[in-house]
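Thanks for asking me to look this one over. Here is my note, written as a few numbered points you can follow with the model open beside you.

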Amino acid sequence: MRQDDLLSIGEVARRSGHATSALRFYEREGLVVGERTPGGQRRYPRSVLRRLAFIRAAQNVGLSLQEIGRALSALPDGRNPTAADWARLSRVWRARLDEQIAGLVALRDGLTTCIGCGCLSLRRCALANPADLAGSSGPGARFLPPALRRDRPGA
Ligand code: FES
């Protein structure tokens, strides 16, 4: 790759908004791939900026770094991913993103109705969840989709 297509870690941090410590972490985790100058300095292809934008966007809609890593591993190393590569990733992610979208919609709508959490605090609960019947099917807000009830280790 031509030298001028390569960015320093500082340039990537400034343009992407990620801390240099995060970039080193993502490189250790294999989420981004960099190379070294003869002096040992990190250099990244400009295409890393798109990967970083996806990492941040995916995290913001609740995808874990493991999920993101699995999806990004579908992209080729050693060359800039093409639109076709990203389209393939998009197909892989479509079902997961649709699940997140459905979850966000349910959360938005659930704020005004009973979510089956056991609180019995809304007038609607008496009808939708009499005597916390929903609790018999398991913990958490039983009327919210599984994507919103998932345990988040370390959260
Ligand atoms: S909102 Fe909590 S039980 Fe209905």
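The points below go through the domains, the sheet, the core and a surface patch.

1. Before anything else, please keep in mind that this is a predicted model. The domain assignment of the chain gives domain 1 (1-81) and domain 2 (97-150). Their C-alpha centres lie 38 Å apart.

2. As a reminder, strands of a sheet pair through backbone hydrogen bonds, either parallel or antiparallel.

3. Now for the pairing of strand 1 (residues 6-8) with strand 3 (residues 42-45), which is antiparallel and runs over three bridges. Serine 8, in turn, has arginine 43 of strand 3 opposite.

4. On to strand 2 (residues 35-36), which is joined to strand 3 by two bridges, again in the antiparallel sense. Here arginine 36 has arginine 42 in strand 3 as its bridge partner. The hairpin of strand 2 and strand 3 has five residues between the strands, and in this hairpin glycine 40 takes a positive phi near 85°.

5. Which residues touch the most other members of the largest nonpolar core? They are Val12, Leu52, Ile55, Ile68 and Leu72, out of 23 residues in that core. At least two residues of this core come from each of helix 1 (9-16), helix 2 (20-28), helix 3 (48-60), helix 4 (65-72) and helix 5. Helix 3 gives the most, with five residues.

6. My last point is about the surface. Leu107, Leu111 and Leu148 make a nonpolar patch of about 280 Å² there. Leucine 107 lies in helix 5 (residues 83-110). Is leucine 107 buried, partly exposed or exposed? Its relative accessible area is 40%, so leucine 107 counts as partly exposed, because that class covers values between the 20% limit for buried and the 50% limit for exposed.

Key: Residues numbered from 1 in each chain as written. Predicted model: local features only at pLDDT ≥ 70, side-chain atom pairs only at ≥ 80, totals over all residues. Heavy atoms only, no water. Patch = residues over 30% accessible without salt bridge, like charges linked within 9 Å, V, L, I, M, F, W, Y side chains within 5 Å. Areas by Shrake-Rupley, 256 points an atom, 1.4 Å probe, with all protein chains shown as cover. Salt bridge = Lys/Arg side-chain N within 4 Å of Asp/Glu carboxyl O. Helix = DSSP H or I, 4+ residues; strand = E, 2+ residues; numbered from the N terminus. Buried < 20%, exposed > 50% of the residue type's maximum accessible area, 1.4 Å probe, protein only. Pairing = 2+ DSSP bridges. Domains from an automatic or database assignment. Core = buried A, V, L, I, M, F, W, Y, C linked by side-chain atoms within 4.5 Å.
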